[in-house]
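Hi,

Here is the structure I promised to pass on. Have a look first, and my notes follow below.

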Amino acid sequence: MKVITYGTFDLFHEGHVRLLRRAKALGDHLTVGVTTENYDDARGKLNVQQTLMERIKNVQDSGLADQVIIEEYEGQKVNDLQKYSIDVFAIGSDWAGKFDYLKDYCQVVYLERTEGISSTALRAANHGILKLGVVGTGRIAHRFLAESLFVSGVHVEGVCSRTGAGAEAFRDQHKLKFAAQDYDQLLDRVDAVYIATPHEHHFDYALRALSRGKHVLCEKPVTLSAACTERLYETADQHEVVLLEALKTAYSPGFQRLVAVARSGSIGEIKSVDATFTKLVDQGRELDPAHGGSVTELASYPLLAVVKLLGLGYQDVRTVSQMAEGGTVDLFSRIDLLYPHAVASARVGLGVKAEGDLVIAGTQGYVYVPAPWWKTEYFETRFEDPRLNKKFYYKFDGDGLRYELAEFASLIKHGNRRTFKLTPEESIAISEIIEHARTHRIEFP
């Protein structure tokens, strides 16, 4: 029986060995496909740290592969199964159902991921694998776990939640090593944390982690107060660790190029930025009277576009909000910012639906980004003479959370504590504008 499996096999560790060993046990000949850098990039795999030759050698040195081949393009598996007369295709259970289409060619086996991978192997300095803990078990935490599979050099070890409820189920669903009984127990066992709790708990969890020398990737907004966000970055600097706001758009390739094109002078001097992000919500945390609403939930995205395109020198902030019955939660808000030579408008809504586009107006032309602009895959520069118009296309893989995690891991690996993609000053400014919008808004029913 001939068996085949595929993978990146970056930073080869005990988990890889166990997977190959189990695949080999399914037959008497094991072929291992190792992905190229270009194919990894095409399928959204980020932060791969070793070259193709190094990764091939990883597999060869394990002594488990009878044959090593290179996977270079999507669809190659179909050809390989026939070319090498494969009887069994084996892959980790993380991809359950993904490769069922191969059942027309051979038996498909999804191997359960091994829990409790050797901590010694994962901690090895030459591997540089980041041990990560997740705080919170809500929707975004589940999406984060799925996205983490696409970031090399990161291993999510465990989880804890504010109430304790659901942590065990979350651990079992994602086959994590442990569910911590309390936050300190989680911090004892990881190098870094991803904070995915409701907004009002970000500050406490982040401060405790940073004070213990742990790196922190915190969901947006970092806090609802400029002073609190500033204190967290000061604490990170004091303890020489990374604090990064998990605002996925900031780290995506398309948005980075969009900012570069707009600020390059190609459309002249930027005079106006208009960004909209709305979704319809009728229940859930987003409508919590204490800390919910369209500003706290969504404003980080359009404000990111504003500060990246116009900078931090705004002179005035004015907000108008349409409130839910009882005046407790803003269902739609418009935040207007006045700059010395430009204006910006950020529109967000949970009870109002609008076109979610981004328009950047300049003295020579404008940039148009269609909805959903916060997942920038395509934008245009447009001019008075349409013959000068230009279209730009970029990838935005999955939910986009892989981009923020890859940036976080890269900062830690290279000993950096700040990135131009979203600076501490920009995160503090976003918190400041959100704070002002919530406390100084004009409300209408």
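The side chain of Thr235 has a polar atom 2.9 Å from the backbone oxygen of Arg231; a polar contact here is a pair of N or O atoms within 3.5 Å, where within protein one must be able to donate a hydrogen and the other to accept it, and residues adjacent in sequence count only if both atoms are side-chain atoms. This is a predicted model, with local features needing pLDDT of at least 70 and side-chain atom pairs pLDDT 80 or more, while totals for chains, interfaces and linings use all residues. Residues are numbered from 1 along each chain as its sequence is written, and side-chain values use heavy atoms, without hydrogens and water.

Back to Thr235: you'll find this residue in helix H10 (residues 226-238). (Helices are DSSP runs of H or I with at least four residues, strands are E runs with at least two, and both are numbered from the N terminus.) Thr235 counts as buried because its relative accessibility is 7%; the cut-offs are under 20% relative accessible area for buried, over 50% for exposed and partly exposed in between, with a 1.4 Å probe and protein chains only. Beyond its neighbours within four places in sequence, Thr235 is in contact (heavy atoms within 4.5 Å) with Leu207, Leu210 and Ser211.

By nonpolar core I mean buried Ala, Val, Leu, Ile, Met, Phe, Trp, Tyr and Cys residues joined through side-chain atoms within 4.5 Å. The largest has 80 residues, and Leu337 and Ile360 have the most contacts inside it. Helix H13 (residues 300-310) is its biggest contributor, giving 8 residues. Domain 2 (130-246) and domain 3 (250-443) both supply residues, so this core lies between them. The second, separate core of 25 residues includes Val193, Tyr205, Leu210 and Val222.

Which residues does Ile360 touch, not counting those up to four places away in sequence? Among them are Leu258, Ile267, Leu309 and Tyr366.

On to the sheets. Two strands pair if DSSP finds at least two bridges between them. Within it, strand E6 (residues 130-135) and strand E9 (residues 192-195) share 4 parallel bridges, and Leu132 has Ala192 in E9 as its bridge partner.

Strand E16 (residues 358-362) has antiparallel partners: strand E12 (residues 270-278) over 5 bridges, and strand E17 (residues 365-369) over 4 bridges. Ala275 is bridged to Leu358 in E16, while Ala361 stands opposite Tyr366 in E17. The hairpin from E16 to E17 runs through 2 residues.

Finally, the domain assignment, which is automatic or from a database, gives domain 1 (2-111), domain 2 (130-246) and domain 3 (250-443). The C-alpha centres of domain 1 and domain 2 are 31 Å apart, and their contact takes 12 residues from domain 1 and 6 residues from domain 2.

Cheers
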